[in-house]
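I opened my notebook to look up a few things in this structure. Have a look along with me.

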Amino acid sequence: MLLSARLIPPPLRTARRLPLLAALACALPLLAGEAHAQRVERGARPGAFDFYVLALSWSPGFCELEGRADRRDQCAVGRKHGFVVHGLWPQYERGYPRECAAMPRVPSRQAMNVAAGIFPEQGLARHQWRVHGTCSGQTPEAYFRDTARARDRVTIPPALHGLPGDRVASPAEVERAFIAANPGLQPDMIATACQRGRLKEVRICLSRDLSGFRVCPEVDRSGCRDRNVTIDAPE
């Protein structure tokens, strides 16, 4: 059953409580509620990777968890962001590279003009270039254009547009909604990320040339293991 048919309003005062086991799981040192950490290779050779992960942050969840405390612009009241681009990440079949060598660390003003409208904040665009874009083998301008291409390749499910209030759903329901909205996307090509019982992100695997979705077993296995998550409504 698709997300739109299963989303239910959380009960008053109890919607944000996790079952004991889920709360204990969230207390473990795992990244965003994921099942295991991936191998990271710093200073790798640019362009030597297998596929991309497009990370789409659920902005209300991110803001509730950490963005407001950091006074992020994207979390200002009235923004009403839903899914926004977190980043386009070069990935290995096992693990991923970051902060690759022999690439400019700071994108030019021209590159930042390309990034405008792709990321919710310029600071995030700069960070994504430094950590992930330098591993793409592309110039900053080309990397930001590819990020826009990847974003445009994915359709956000209608059930996740304009939520009138907080909702509760399983990670599998969120993934099924994306699969229904994106022909060719399969369960082993997508993962959700959660933290403290909240939806934080959806990660979708794409081929190097961004022509289509592709399988990514390690990314799929690293997804959220909570039974249900709260999907915070945009504000």
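What is the mean pLDDT of the chain (pLDDT is the predictor's confidence in each residue, from 0 to 100)? I found a mean of 85, with 83% of the residues at 70 or more.

I noted that this is a predicted model, where local features need pLDDT of at least 70, side-chain atom pairs count only at pLDDT 80 or more, and totals for chains, interfaces and linings use all residues. Residues are numbered from 1 along each chain as its sequence is written, and side-chain values use heavy atoms, without hydrogens and water.

Next I looked up the disulfides (pairs of cysteine sulfur atoms within 2.5 Å) and found 4. Counted along the chain, the bonded cysteines pair as 1-2, 3-4, 5-8, 6-7.

I began with Cys 63 and Cys 75, whose S to S distance is 2.0 Å. The torsion about their S-S bond is about -85°, so this disulfide is left-handed.

Then I turned to Cys 100 and Cys 135, with sulfur atoms 2.1 Å apart. Their S-S torsion is about 100°, so I wrote down right-handed. Both Cys 100 and Cys 135 are buried.

Which hand does the disulfide of Cys 194 and Cys 224 have, left or right? I noted right-handed, because the torsion is about 85°. Cys 194 is buried at 1% relative accessibility, and Cys 224 is buried at 7%.

How values were computed
Buried < 20%, exposed > 50% of the residue type's maximum accessible area, 1.4 Å probe, protein only.
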